[in-house]
Amino acid sequence: MKLQQLRYFVAVYEEGSFSAAAGRVNATQSGLSTHVSQIEKRFNVPLFTRSSSGVTPTESGRLFYDEAVQVIAAANRAEDRLRSLSKAVVGNVHVGLMPTFTRSVLTNVLLRFSEEFSDVRVSVSEAYSGELAESVSAGKLDFAVVPNFDRDRFLAGTNMGRDQECFVCSADRDLPNTKALRLKSLPPQRLVVPGWSNIRRKQIEDYLVQNDIEVREILEIDTMYATLDLVARSEWVAILPGILCVSDLDGSRRRVVPLGDPPLYVDYLRIEPRSKPLSQAAQEFANILQEELNSTLEIVPVSQG
C-alpha cells in the first residue's frame, strides 16, 4: 500500500467528502476516489458509504483511520530523523497566532528563530481562535495557538500555559486601589467583547452570568488593536489576557488589573493535525515560542483564586 494512498484516505475521512479532500491535498476528486477504491477492492473492505451529500466512514473505515494516521505520523518522524542527521534544519513553517501572541511574544520569537535557524522560511497568519482552528483542521497551518477548547478528534493538542484575564480601562479611570478587581463591585460597565468566533467570548459571557455581573452595554469588536485604542480613549472597558497587556503595565495609556473574586483564567493550547505531527522546523519554532511565552507569563499580574 502506498503512503500517498493513506494520506488521501485520511483527507477524505477528515473532510467528509472527496471534493473537499481534493482541495486540501491539491489533487483531483476522481484521483482521490480511484485511490480509495483501490484500497477497498484490494482488501475487499468498504471504507466509506457514498451519498450525494458526501461520504460516511464505515466501522472498518473508522478502525483503519486510527491505523493510517499512526503510519503517516511514523513516516513524517522518519523523514525528520533523516533531516536531523544531516545537522541542518530546513523547510517551511506556517504558524497561526492570535493577536494576543503577535503583540506580546512574536517579535522575540522571530528574532531568535531567524538567528538560530536561518534556512527555515517562516510564515505567520494572525486570526482569532475559531478561524485558526479551522485552518489547522484544513491542513493550512502546521500549528496554531488558541485558548483551550473541546477540539475534534482530528486535532492533537499540547498545553502551553495558563494566563489570567484582566480588566482593562483608560489610564484616568478611578478604580479601587487593589491588586485584583472584583468586577461585581463596580457599576455596570460598557464592555468591549470579541465576536463568537473567538473561543474567549463564551468564557467571558459565562463568567458574567455565573457571577451575576450586570453590563451596561456590549460592543462586539473583532480587532484587538481597535479594542485597545477605544479603551484607552473612552469609558469603554475590556477583559483581556494578561500577556496582551504586559506593555501597558506602566499605566501610561491603560490601567490593567487582574480579575479577582473569582479570577478568570485562559489556558493556551497548541493545536496541530493529528495525522501530521510537527516537522523538526515547526517543532523548533514551537519550542522557542513556548520559552518566550513562559518568560512573558512570569510578568503578568495575578490574583489569588
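**Close-up views of a predicted model**

View 1. Residues are numbered from 1 along each chain as its sequence is written, and side-chain values use heavy atoms, with hydrogens and water left out. The axes of H1 and H2 come within 8 Å and cross at roughly 125 degrees (lines fitted to C-alpha atoms over the stretch in contact, with angles from 0 to 180 degrees between N-to-C directions). Tyr8, Ala11, Val12, Glu14 and Glu15 of H1 make the contact with Phe18, Ala20, Ala21, Arg24 and Val25 of H2 (heavy atoms within 4.5 Å).

**View 2. The largest pocket holds about 600 Å³ of space.** On a 1 Å grid over the protein atoms alone, a pocket is an open set of points with protein on both sides within 12 Å along at least five of seven lines, while a cavity is a set where a 1.4 Å probe fits but cannot get out; lining residues have an atom within 4 Å of a point. Of the 29 lining residues of this pocket, Arg7, Ile72, Asn76, Ser275 and Lys276 lie nearest its centre.

**View 3. The largest cavity holds about 60 Å³ of space.** Its lining includes Tyr128, Arg200 and Met224, and strand E9 gives the most to this lining, with three residues.

**View 4. The second largest cavity holds about 30 Å³.** Here, too, look for Tyr128, Arg200 and Met224, among the residues of the lining.

Technical notes
This is a predicted model: local features need pLDDT of at least 70, side-chain atom pairs count only at pLDDT 80 or more; totals for chains, interfaces and linings use all residues. Grid points are joined across faces, edges and corners, and a volume is the space filled by probe spheres set on the points. Helices (H or I, at least four residues) and strands (E, at least two) are DSSP runs, numbered from the N terminus.
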